[in-house]
Amino acid sequence: MKQERLDWLADNPFYTKRFAFHVGRRCRTSTIQDVAKDHLLDWKTVKSLEMQYMREQIRRAGQPRPKIIGVDEISIRKGQTYRIVVSDLERRRALWFGGKDRSEESMDEFFAILGEKRSQAIRLAVMDMWKPFLKSTNKNVPQAAILFDKFHIFRHLGEALDKVRKQEYARLDGKDRKFIKGQKYALLSNSENLRGSARKNLKVLLATNKRLNTAYVLKESFGQLWNYNKEAWARKFFDNWRDQLKWQRLKPYEKFAEMIDAHWDGIAAYCKLENKVSLGFVEGLNNKIRVIQRRAYGLRDEEYLRLKVLTCMLPEL
């Protein structure tokens with residue numbers, strides 16, 4: 001008895017590749033359960049057809065040869081369980097989802113899989129200030145410049161501002177407290193994104209609390225650091241920004257400034273014209289991954305999640 005392989009059949013022989021790709025396209029914007037219901041299929045069948053579609057997307061995308069990479073981690077479940085996501089910032093696609101945690105050894109796995117030859121082509125690595133990522137990158141691709149991600153730095157600054165808010169709430173009592181309560185979102189948001197009552201309440205808060213007003217103005221102005229094309233100008237701006245902390249009793253901001261000073265080379269790298277990369281891609285990818293995790297809530301198949309992450313920025317087939 002001879003078996004014949006038909007190229008137009010899906011991995012599941014009851015369906016064609018054309019139908020598998022149709023299901024895969026639908027699953028990019030809908031849950032497995034919704035697609036299964038619409039097509040009167042078992043959800044396991046839909047999942048297997050979608051996984052075939054995603055593997056074909058990755059195959060057609062070709063072997064990665066990145067020159068600029070973005071490195072970040074995502075939590076895949078409760079209990080500090082992390083996986084590392086590496087992206088190609090030029091081609092704007094996820095390259096690798098793996099590791100057993102966010103350790104240096106897990107980051108080493110990516111460079112081992114990429115191989116020495118292709119690793120030598122990497123000239124810039126964008127990441128947060130997590131030491132294991134930094135150590136692994138410096139060890140495996142010493143020729144690459146390190147650039148610390150602006151959005152992660154602003155997250156640290158936001159945490160410093162929130163600590164000031166909590167300190168002020170603890171220091172005050174009675175009617176003075178009421179202006180602070182419930183204003184965390186307004187303080188941490190970009191002023192341009194606030195509308196209506198949120199904008200009005202923030203204005204009242206800043207008018208009644210001098211320390212929070214100073215902290216908020218400093219937070220809003222810090223973004224100017226990434227506008228400079230020469231390191232000397234950027235350094236002068238940062239030194240002036242730091243000088244404004246004197247006598248302000250903003251201890252969380254002083255610690256933040258010390259952190260920036262200690263990691264200055266990875267921030268100043270953005271001043272070079274060749275390093276003016278889109279710093280929003282890694283954050284955008286993270287947002288997409290969160291949507292994927294919510295949509296696939298309850299699924300424990302890590303291989304499925306890996307394929308979803310690696311294909312979420314790839315074009316449809």
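Strands β4 and β5 pair in the parallel sense over four bridges, where pairing takes at least two bridges found by DSSP between the two strands. That is one piece of a predicted model, in which local features need pLDDT of at least 70, side-chain atom pairs count only at pLDDT 80 or more, and totals for chains, interfaces and linings use all residues. Residues are numbered from 1 along each chain as its sequence is written, and side-chain values use heavy atoms, with hydrogens and water left out. The strand and helix names come from DSSP runs numbered from the N terminus: E of at least two residues for strands, H or I of at least four for helices.

**The sheet**

- Let's zoom out from β4 and β5: five strands make an open sheet with mixed pairing, in the order β3-β2-β1-β4-β5.
- β3 (93-98) and β5 (145-148) sit at the edges with a single partner strand each, so one side of each has no neighbour in the sheet.
- From one strand to the next, the twist averages 25°.
- Strands β1 (residues 68-77) and β4 (residues 124-127) run parallel and are joined by three bridges.
- Helix α15 (residues 281-295) packs on this sheet and touches β1, β2 (81-88) and β3, a contact being heavy atoms within 4.5 Å.
- The direction of α15 makes about 25° with that of β1; such angles run from 0 to 180 degrees between N-to-C directions, with axes fitted as lines to C-alpha atoms, for helices over the stretch in contact.

**A closer look at β4**

- L124 and V126 point one way from β4, A125 and M127 point the other way, and all are buried (under 20% relative accessible area with a 1.4 Å probe, protein chains only; over 50% is exposed, and in between is partly exposed).

**Nonpolar cores**

- The largest nonpolar core has 78 residues; a core is a set of buried Ala, Val, Leu, Ile, Met, Phe, Trp, Tyr and Cys residues joined through side-chain atoms within 4.5 Å.
- Those with the most contacts inside that core are I153, F222, L225, W241, Y253, F256 and I260.
- Leaving aside residues up to four places away in sequence, F256 touches I153, H156, L157, A160, F222 and W241.
- Another core, of 16 residues, lies apart from the largest one and includes V23, C27, A36 and V46.

**Two packed helices**

- Helix α7 (residues 150-171) packs with helix α11 (residues 210-221) at about 175°, their axes 10 Å apart.

**Two residues with positive phi**

- R92, in the loop between β2 and β3, has a positive phi of about 55° although it is not a glycine.
- At 41% relative accessibility, R92 counts as partly exposed.
- R249 also has a positive phi of about 55° without being a glycine, and its place is in the loop between α12 (231-243) and α13 (251-262).
- R249 has a relative accessible area of 54%, so it counts as exposed.
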